[in-house]
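Subject: Structure handed over, with notes on what it contains

Dear colleague,

Here is the structure we spoke about, placed just below. My notes follow it, and I would be glad if you read them with the model open beside you.

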Amino acid sequence: MAYDVIVIGAGPGGYVCAIRAAQLGMKVAVVEKRATLGGTCLNIGCIPSKALLYASEMFHEAGHGMAALGVVVGAPALDMASMMKHKDDTVAANVNGVAFLLKKNKIDWLQGEARISAPGEVTIKGVNGEAAHAAKHIVIATGSDVARLPGVEIDEKVIVSSTGALTLAAPPKKLIVVGAGVIGLELGSVWRRLGAEVTVVEYLDRILPGMDGEVAKSFQRILEKQGFKFQLAHKVAKVEKTGAGVSATIEPAAGGEAKVLEADVVLVAIGRRAYTEGLGLEALGVATERGQIVIDSHFQTNVPGVYAIGDVVRGPMLAHKAEDEGVALAEQLAGQAGHVNYDVIPGVVYTSPEVAVVGKTEEELKAAGVAYNVGKFPFLANGRARAMRQTDGFVKVLADAGSDKVLGVHIIGFGAGEMIHEAAVLMEFGGSAEDLARTCHAHPTLSEAVKEAAMGVAKRSIHV
Ligand SMILES: Cc1cc2nc3c(=O)[nH]c(=O)nc-3n(C[C@H](O)[C@H](O)[C@H](O)COP(=O)(O)OP(=O)(O)OC[C@H]3O[C@@H](n4cnc5c(N)ncnc54)[C@H](O)[C@@H]3O)c2cc1C
């Protein structure tokens, strides 16, 4: 069968690209080797982790937060099997939803492992053998895989990646998380709330590398109040299974005396790497750099007609970045002007409280020599936050000192992941801190803290 577009990989990059291309009148197929659609995000990433984060937050609230509101429920009991069923049902509903969307848009799902056998040709190895299909455009959306620690074998039982950490049969008594990035802190939070003692080991001297330094420091203090322990500026030298569990030998990153941490489970969460195995890129001559596929500003590789989007190319490894690239590429293939604004891609850490960011950090602005003003507002001074006993955190708005254009917004707080989007919309339209400050916000809402922080840029916050 000949197609206009064959997309390899049905994650958020691939299936969204396929749907947009079909909407624009193209004949489209998606190749996926997994038994279900949705990729990392829906099967073993964003969606199952959020299901467990929400459920574990409810468990923790029932035990620790509700009595202060006058809701006395007694000590909650953990039904791990039901919690995992909630996660599995959520995943199933989402992956089935993608199957429905492909059908609705008349997209063929070619099940199996794809290889680009020649320019304009994809060969698929499925249960019924191999078949070759012609395509005018081939889109690689094969995503990413867990990055491994040299010498540490992941068995997904006691030494786990994020995938194993989503399926533990019971909360470990002690959990070591290697890596203080988003995935480590989210999954660490799940098991901390369900009773695990959690120690996070991080090579750098800070958590959430790449995020605003003040936000990271403040968030670390909040996590420490929740019982997290941190071993920053330490590297993991060895992880060994013991009779009782697992031990990790850690050393100061700058050199010095090693120490041994004992645990029931070690979660390796040091990042992800682009996944291109089996695609035949070398034979085809597709250029890669540090494992990622090299593309131009139109997502095209150095081989005409072969494109790449999502985790497999440069940029933040985020589902919504992959989706937006999928839409932009499909529109470009249809002769339209698809575009992704990489300056306005929000990032959220779905912990409690949440951390949400969009745009530049203070460190980035300083390094670029940009003069900026800062407006800050704490949730402690927000009436709605007090009414909800959710007063941890603050909003920080960074605006250009000359033009007042908003360059970055950083929020730690309950619902930060929803609130960040008013900043994203404002920034997409090139808005100023004054635009945000003069936009009427409903009272009482947590979002008023965003407005007050914007007012703070001109030193005119009312409620602090
Ligand atoms: C635990 C965890 C939590 C996360 N949470 C979030 C979050 O909250 N928000 C967020 O934005 N991002 C999150 N992410 C990241 C997010 O999952 C990725 O950024 C996103 O899935 C990337 O989409 P993609 O389409 O590029 O690739 P993927 O989702 O990785 O999909 C690629 C697909 O290609 C298939 N494939 C690969 N090679 C072949 C081949 N040769 N033939 C056929 N099929 C092939 C794979 O089986 C896979 O299904 C999380 C990731 C993890 C691991």
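**Helix 3 and its two partners**

Helix 3 packs against helix 6 (residues 182-193) at an angle of about 35°, and their axes are 9 Å apart; axes here are lines fitted to C-alpha atoms, for helices over the stretch in contact, with angles running from 0 to 180 degrees between N-to-C directions. Please bear in mind that this is a predicted model, in which local features need pLDDT of at least 70 and side-chain atom pairs count only at pLDDT 80 or more, while totals for chains, interfaces and linings use all residues. Residues are numbered from 1 along each chain as its sequence is written, and side-chain values use heavy atoms, with hydrogens and water left out. Helices (H or I, at least four residues) and strands (E, at least two) are DSSP runs numbered from the N terminus.

The crossing of helix 3 with helix 6 is left-handed, a term used if the near helix is turned anticlockwise from the far one by less than a right angle, with right-handed used if it is turned clockwise. On the helix 3 side the contact (heavy atoms within 4.5 Å) involves Ser49, Lys50, Leu52, Leu53, Ser56, Glu57, Phe59 and His60, and these meet Glu186, Leu187, Ser189, Val190 and Arg193 of helix 6. By class, the contact residues are five nonpolar, four polar and four charged, where Ala, Val, Leu, Ile, Met, Phe, Trp, Tyr, Cys and Pro count as nonpolar, Asp, Glu, Lys and Arg as charged, and the others, Gly among them, as polar.

Helix 3 (residues 46-65) also packs against helix 4 (residues 80-104), at an angle of about 145° and with the axes 9 Å apart; this crossing is right-handed. Ile47, Pro48, Ala51, Leu52, Ala55, Ser56 and Phe59 of helix 3 make the contact with Met83, Met84, His86, Lys87, Thr90, Val91 and Asn94 of helix 4, and the residues of this contact divide into nine nonpolar, four polar and one charged.

His64 also belongs to helix 3, and with a relative accessibility of 61% it counts as exposed; the cut-offs are under 20% relative accessible area for buried, over 50% for exposed and partly exposed in between, with a 1.4 Å probe and protein chains only. Between the C-alpha atoms of His64 and Gly74, which are ten residues apart in sequence, the distance is 9.9 Å.

An open sheet of five strands, paired in parallel, has the order 8-15-9-10-11, and its edge strands, each pairing on one side only, are strand 8 (159-160) and strand 11 (229-231). Two strands are said to pair if DSSP finds at least two bridges between them. Within this sheet, strand 9 (residues 174-178) and strand 15 (residues 265-268) run parallel and are joined by four bridges, with Val266 of strand 15 as the bridge partner of Ile176.

Strand 13 (residues 246-252) is mostly covered, since five of its seven residues are buried. Strand 13 pairs with strand 12 (residues 234-241) in the antiparallel sense over seven bridges, and a hairpin of four residues joins the two. Five bridges join strand 13 to strand 14 (residues 259-263), again in an antiparallel arrangement. Thr249 of strand 13 stands opposite Lys238 and also opposite Val260 in strand 14. In the hairpin of strand 13 and strand 14, which has six residues between the strands, Gly255 takes a positive phi near 100°.

**Two buried places**

Ser162 lies in helix 5 (residues 162-165) and, at 10% relative accessibility, counts as buried. Leaving out residues up to four places away in sequence, Ser162 touches Val146, Ile183, Leu187, Leu267, Val268 and Arg272.

Ten of the ten residues of helix 14 (residues 448-457) are buried, so this helix is largely enclosed by the rest of the structure. Its buried residues pack against strand 22 (372-378), strand 23 (394-400), strand 24 (406-413), helix 12 (416-428) and helix 13 (433-437). Just after helix 14, Lys459 takes a positive phi of about 55°.

**The whole protein**

The protein has 14 helices and 24 strands, and 51% of its 464 residues count as buried.

With best regards
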